[in-house]
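Could you walk me through how aromatic rings and charges sit together in a protein model? I would like to learn how to read them.

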Amino acid sequence: IFHFFYFFQQTFNAFLFYVLFARYADPENRTGYSIPYILAAVIFLLHPINTESVTYISSRSSSLSTFFVLSSMLCFFRATENRFRLPYYLMSVLFFMIGLSTKEAAIVLPPLLLLFDYFFTSDSGRVLRSRLKYHVPFLLLTIVLLLAYISYFTRPEADRPWGMHIPTELSVIVEYGKLLFVPLGLTIDHDVAPLSLFSGRAVLSYAMLLTLIVFALFLKKKKPTISFGLFWFFISLSPFLVIRLNDFMAERWVYTASIGFAVGVSGVAMWAAQFYRKTMLAVVVIVLVLLGALTVMRNQVYATPILLWEDA
């Protein structure tokens, strides 16, 4: 029953992902199918890095909270589309609260709503100011939650000094990006060495992340989908920079962020298809088959505890 439920949930999360983006990020396809977001949803559905969130029972909160985040976003934009619809808006707030109760990482919903609104539903931010009133309840809930969890930010330095935590987590974000692009070396227990503020690996991580942020800003008008995907990825992982958990890294924590990766990769594929249509079609098919095969192989590791921990 557990495996069936979370297989269904992963599929339904991909469906929610597609409906949200196809309807509000690709308005020209409201009466038909949105090829870019079908591709993005399938990448999200098949990517082996999400195996831990779907197959490992202790990781169920990651996929559940993402379900409520996507549901809240879908209801939010349905409520504020053309004319205000109070029932959908209340459902959006309710889904946000349930998502927070499922996993505190759902706190990223308010900035993700603003990000989505800016890129896709407010004419590149031109009418965002008039829509800010719809975002206020979500921002207030976020402030309340931050106050409730203030002790997590102010724990003694001996627990894990910020000078160690921040550079290490920034290097982990780079590692997540590498695993999304090349999903080899997946494990249930990543061995992450703590870094000092100015160690070579930390400085390299700063440079890579800063380059990606500048790149996202540069692409904001020319290739908004790719820019959006990069910003979604960074925002989704931002809570782990300010909350010092026992582990530095876990694949389940990248579940929501992988949506941004899928959107960005789909945007790159659609852009390249304008020039090399047949080639890109072949590349996409090969990549999807490889992702599916790797996910099947990754699931086999979870067949028994012995296999799982031998792999780790």
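A: First, a note on the model: it is predicted, so local features need pLDDT of at least 70 and side-chain atom pairs count only at pLDDT 80 or more, while totals for chains, interfaces and linings use all residues. Residues are numbered from 1 along each chain as its sequence is written, and side-chain values use heavy atoms, with hydrogens and water left out.

Q: How many aromatic pairs does a search of the whole structure find?

A: Rings of Phe, Tyr and Trp (its six-membered ring) pair if their centres lie within 6.5 Å; planes under 30 degrees apart are stacked, over 60 edge-to-face, and the rest tilted. The search gives 36 aromatic pairs here. Among them, phenylalanine 5 and tyrosine 6 are edge-to-face, with 4.8 Å centre to centre and 90 degrees between the planes.

Q: Is tyrosine 6 buried or exposed?

A: Buried means under 20% relative accessible area, exposed over 50%, and partly exposed in between (1.4 Å probe, protein chains only). Tyrosine 6 is buried at 8%, whereas phenylalanine 5 is partly exposed at 40%.

Q: What kind of pair do phenylalanine 228 and tryptophan 232 form?

A: A tilted one, at 5.7 Å centre to centre and 50 degrees between the planes. Phenylalanine 228 is buried at 0%, and tryptophan 232 is buried at 0%.

Q: Which ring does the charged end of arginine 244 sit over?

A: A charge counts when NZ of Lys or CZ of Arg is within 6 Å of the ring centre and within 35 degrees of the ring normal. For arginine 244 the ring is that of tryptophan 162, 4.0 Å from its centre. Lysine 133 likewise lies over the face of tyrosine 134, 4.7 Å from the ring centre.
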